[in-house]
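Hi,

Here is the structure I promised to pass on. Please open it alongside this email; my notes follow below.

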Amino acid sequence: GMAWAERAGNHKQRLSALRMLAAAQVSRGDVDSGKALLQEALSEARRLGLRLVEGYTLTTLSVAANAQNDALELLELTRQSLEIYQEIGELRGQTCALGNLGTAWLGLGDLAEARRYSEQALRVARAYGDRFLEANPLCALSGIALYQDENARALSLAQSALDIVAATQARSWEAFALLRLGDAEL
């Protein structure tokens with residue numbers, strides 16, 4: 001993909017292919033090599049003024065930070081990507097970034113920040129109209145409710161997330177929603 005995009009002079013497609021190659025490296029555990037490619041893509045996207053590619057690359061870098069258990073880098077990269085998505089009006093990216101911030105703050109134990117970002121993510125997901133995107137914030141909100149001893153609310157939110165992943169056939173999220181549901185049922 002990178003070679004064909006290069007031949008066509010399509011920088012956006014070439015950088016997107018480079019980002020996907022880097023994401024594959026991160027997914028298979030070669031995080032350092034993936035991050036090096038992502039840094040290369042990020043520098044070039046910034047030089048060319050390709051804001052959407054820059055935002056996606058920052059998001060993928062945040063996945064690498066998560067793989068290395070670097071919560072502070074994850075938060076910073078996600079904050080940067082959110083700013084770009086908001087600037088260019090990219091609602092799908094905003095939903096993902098807000099949801100990831102909610103999940104990250106939940107993992108760090110800051111329930112107020114986790115709730116704030118998760119509720120924002122849910123509002124933007126609903127405005128965007130992609131039901132699948134509601135699953136992450138609903139799961140996070142279920143976890144928050146559980147920590148705050150709001151057991152019935154935790155169960156309801158987890159069930160809503162599970163219903164959405166079933167309706168949208170989002171198998172990758174089904175296990176996560178089931179875990180939240182199990183936690184709430186316990």
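Which residue just after H9 takes a positive phi? Gln169 does, at about 55°. Keep in mind that this is a predicted model.

Now H9 itself. The helix covers residues 151-167. Its 17 residues should span 24 Å at 1.5 Å a residue, and the end C-alpha atoms are 24 Å apart, so the two agree. Buried in H9 are Ala154, Leu157, Ala158, Ala161, Leu162, Ile164 and Val165. Seen down the helix axis, these buried residues fall within an arc of 160°, so they line one face of H9. An α-helix has 3.6 residues a turn, so residues three or four places apart point the same way. The buried residues of H9 pack against helix H8 (135-147) and helix H10 (171-185). Ala152, Ala166 and Ala167 are exposed, on the face turned away from the buried side of H9.

Next, the pockets. The largest has a volume of about 510 Å³. Its lining has 22 residues, with Asn66, Leu74, Asn100, Thr103 and Asn136 nearest the centre. H6 gives the largest share of that lining, eight residues. By class, the lining of the largest pocket holds 10 nonpolar, 10 polar and two charged residues.

The second largest pocket holds about 320 Å³ of space. Helix H2 (11-27), H4 and H6 each give two or more residues to its lining. Of the 14 lining residues, Arg19, Tyr56, Thr59, Thr60 and Tyr85 lie nearest the centre of this second pocket. Its lining divides into six nonpolar, five polar and three charged residues.

Best wishes

Notes. Residues are numbered from 1 along each chain as its sequence is written. This is a predicted model: local features need pLDDT of at least 70, side-chain atom pairs count only at pLDDT 80 or more; totals for chains, interfaces and linings use all residues. Side-chain values use heavy atoms; hydrogens and water are left out. On a 1 Å grid over the protein atoms alone, a cavity is a set of points where a 1.4 Å probe fits but cannot get out, and a pocket is an open set with protein on both sides within 12 Å along at least five of seven lines; lining residues have an atom within 4 Å of a point. Grid points are joined across faces, edges and corners, and a volume is the space filled by probe spheres set on the points. Helices (H or I, at least four residues) and strands (E, at least two) are DSSP runs, numbered from the N terminus. Ala, Val, Leu, Ile, Met, Phe, Trp, Tyr, Cys and Pro count as nonpolar, Asp, Glu, Lys and Arg as charged, and the others, Gly among them, as polar. The expected span of a helix is 1.5 Å times one less than its number of residues. Buried means under 20% relative accessible area, exposed over 50%, partly exposed in between (1.4 Å probe, protein chains only). The arc is that of the directions from the helix axis to the C-beta atoms. Contact means heavy atoms within 4.5 Å.
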